[in-house]
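Please consider the following questions and answers together with the model shown below. Each answer sets a value against the definition of the term in question.

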Amino acid sequence: MTNTTENTRPGTTRPETVLVTTATGKTGRRVAQRLADLGHTVRAGSRTGPVRFDWADETTWGPALAGADRAYVAFHPDLAAPAAAPALREFGRIAAAHGVRRLVVLSGRGEPEAVAAERALGASGAEVTAVRASFFAENFSEGFFVDGILAGELPFPAGEVAEPFILADDLADVLVATLTDRAATGVVHEVTGPQALTFAEAVAEIGRATGRAIRYVPVSGPAYAALLERYGLPAAEAHFLSALFTQLLDGHNSLPADGVKQVLGRDPRPFAAYAAEAAAAGAWS
């Protein structure tokens, strides 16, 4: 996606250009669309699009960053992955060499490894803003929970722990605000939904919205890893994800944060609104 309408900063004579990494993902495509709607020049980086960008192929980073003023950094598969910190340190170095002044990184809430990756990115000397988010509500409709919802049974290692799910649209609004001078930069924004729900409560909300019987099935971390392997995920990735979810869902992230209101001046939208709108749009039809 490219929009070449000028959006100049005071005192400049050329438009701002923003690289959006993983621009086909849940947040990337929303961020790219919002920036384009605001008149920014958007470089939508992806493995198969016109602006080629692949976290697994370092040779794609420099060409994608060339000419960009700012960048949205969404590392795949997760900022807590062992490869994240060294990759972000190198990405930051390349970004700085290309004159990219601001980096906004999507980070995980309550993830020590993600904090280390944020710091590695900041070693570049560029202005780094971290947006630490809770679990996305859209994981139920656009991510790895979809099959379970459609099957009427969602196994997951969350037990009875509550999570303040954030809507991807609210998160995208915060990310765009930090990219476009409408929010504090060079800081950490912690963003969540307005209330914490257990996975059983979230699944029940989707059941009400769809009129279908859906149940949440708590499983152990090892059982979930084995399930992911049966679905075809490599063993190393399956065990990494299982361990990550077990770490995140121990209760330390249950309390909602007020980052959305601090940045946008409004409350985040509730999970029930997401479920109703996703059901109406046919997400689980």
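**Contacts, burial and pairing**

Q: Which residues are in contact with F91, leaving aside its neighbours within four places in sequence?
A: F91 is in contact with L19, T21, F53, W55, W61, L65, V73, L103 and L121, when neighbours within four places in sequence are left aside. Contact here means heavy atoms within 4.5 Å. This is a predicted model, in which local features need pLDDT of at least 70 and side-chain atom pairs count only at pLDDT 80 or more, whereas totals for chains, interfaces and linings use all residues. Residues are numbered from 1 along each chain as its sequence is written, and side-chain values use heavy atoms, with hydrogens and water left out.

Q: Why does F91 count as buried?
A: A residue is buried under 20% relative accessible area, exposed over 50%, and partly exposed in between (1.4 Å probe, protein chains only). F91 has 0% relative accessibility, so it counts as buried. F91 is placed in helix α3; helices are DSSP runs of H or I with at least four residues, strands are runs of E with at least two, and both are numbered from the N terminus.

Q: Why is L35 called buried?
A: The relative accessible area of L35 is 0%, and therefore L35 is buried. This residue belongs to helix α1 (residues 28-37). Residues up to four places away in sequence not being counted, L35 touches V18, V20, H40, V42, V176, L179 and T180. The C-alpha atoms of L35 and D173 are 9.9 Å apart, although 138 residues separate them along the chain.

Q: Which residues of α1 are buried, and against what do they pack?
A: The buried residues of α1 are G28, R30, V31, A32, L35 and A36. They pack against β1 (17-20), β2 (41-46), β4 (70-73), α5 (139-142) and α7. Just after α1, G39 takes a positive phi of about 95°.

Q: Why is D170 called buried, and which polar atom pair involves its side chain?
A: With a relative accessible area of 2%, D170 is buried. D170 lies in helix α7 (residues 168-179). A polar atom of the side chain of D170 lies 2.8 Å from the backbone nitrogen of R269. Besides R269, D170 touches L264, R266 and P268, residues up to four places away in sequence not being counted.

Q: What makes the pair R132 and E118 a polar contact?
A: A polar contact is a pair of N or O atoms within 3.5 Å; within protein, one must be able to donate a hydrogen and the other to accept it, and residues adjacent in sequence count only if both atoms are side-chain atoms. The side chains of R132 and E118 make such a contact at 2.8 Å. R132 is found in strand β6 (residues 127-133), and its relative accessible area of 18% is why it is buried.

Q: What makes β6 and β9 paired strands?
A: Two strands pair if DSSP finds at least two bridges between them. Four bridges join β6 to β9, and the two strands run parallel. The bridge partner of A130 in β9 is V188. H189 and V191 form the covered face of β9, whereas V188 and E190 form the uncovered one.

Q: Why do β3 and β9 stand at the edges of the sheet?
A: The open sheet has seven strands in the order β3-β2-β1-β4-β5-β6-β9, with parallel pairing. β3 (51-52) and β9 (188-191) each have a single partner strand, so one side of each is left without a neighbour in the sheet. β1 and β4 pair in the parallel sense over three bridges, and L19 stands opposite A71 in β4.
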